Amino acid sequence: MAKSHGFFVPDVEYVSNLKGLVDYLDWKVGVVYACLHCVRGDAEGGPRRFSCVEAAQSHMRDKSHCMMRYDESCADEYSRFYDFSAVTAEHDDVDVSVCDATGELVLPSGSRAGHRSLQRYFKQSLPPDRAVSRLISHYRMLGWRGDAEAA
C-alpha cells in the first residue's frame, strides 16, 4: 500500500495492535464506505460516506486521501490501537517551569522560550541606549578603562 497509494501508518513505533488497526481501517472503507481522511461539514462531523466501496476507494485515490486523519478530532477513534505510555514516561523527569509573570518556559539549561504571541517583541533590534553610550565615552575620556558591559 505504501508504494502504490502512498499510505502509511503514522507513529507506527507506538502502535500496540497493528493488525487490529489495519482491520479497523479495512472495515471503515470496505463496510462503512467511508473516506479515511474526510470529515463531513455538518453538525455530526463524522466521516464522509459513499454509496459503495468502489466509490470510496475512487474518491480516496482521486483526492489523494490515502491516509488516516490523525489529529485531535479523531484521537478517541484510534486510541485503542496506540500506546503512548513510553512517551509520557520519557518526559516525566524533565524539569521545565513556567514563569508566571511572562508566560515563558524556563528550561533546565536556563534558556527561556517565549510565547509566539510575543514574537514581534523578541525580534526587535533596538538601538543601544545613547545616554549610556555617552556616559561610558565620557568616563573613558577621564581615564576609566573598565568593561563597558559591567556599566
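Where does histidine 65 lie? Histidine 65 is found in the loop between α3 (53–62) and α4. The close-ups below show a predicted model, in which local features need pLDDT of at least 70, side-chain atom pairs count only at pLDDT 80 or more, and totals for chains, interfaces and linings use all residues. Residues are numbered from 1 along each chain as its sequence is written, and side-chain values use heavy atoms, with hydrogens and water left out.

**View 1. Histidine 65 and its contacts.** With a relative accessible area of 15%, histidine 65 is buried (buried means under 20% relative accessible area, exposed over 50%, partly exposed in between, with a 1.4 Å probe and protein chains only). Setting aside neighbours within four places in sequence, histidine 65 is in contact with Cys35, His37, Cys38, His59 and Met60 (contact means heavy atoms within 4.5 Å).

**View 2. Cysteines without a disulfide.** A disulfide is a covalent bond between the sulfur atoms of two cysteines; here the test is a pair of cysteine sulfur atoms within 2.5 Å. By this rule the count is zero. Cysteine 66 is in no disulfide either: the nearest cysteine sulfur, in cysteine 35, is 8.4 Å away. Cysteine 35 is buried at a relative accessible area of 0%, and cysteine 66 also counts as buried, at 15%.

**View 3. Tyrosine 24 and its aromatic partners.** The structure holds five aromatic pairs (rings of Phe, Tyr and Trp, the last by its six-membered ring, pair if their centres lie within 6.5 Å; planes under 30 degrees apart count as stacked, over 60 as edge-to-face and the rest as tilted). One of them joins tyrosine 24 and tyrosine 78 edge-to-face, at 6.2 Å centre to centre with 80° between the planes. Because tyrosine 24 lies in helix α2 (residues 18–30) and tyrosine 78 in helix α4 (residues 75–78), this pair ties together parts 54 residues apart in sequence (helices are DSSP runs of H or I with at least four residues, strands are runs of E with at least two, numbered from the N terminus). Both tyrosines are buried. Ring pairs link Tyr24, Trp27, Tyr78 and Phe81 into a cluster.

**View 4. A charge over a ring.** The charged end of arginine 80 sits over the ring of tyrosine 24, 5.0 Å from its centre (the cut-offs are NZ of Lys or CZ of Arg within 6 Å of the ring centre and within 35 degrees of the ring normal).
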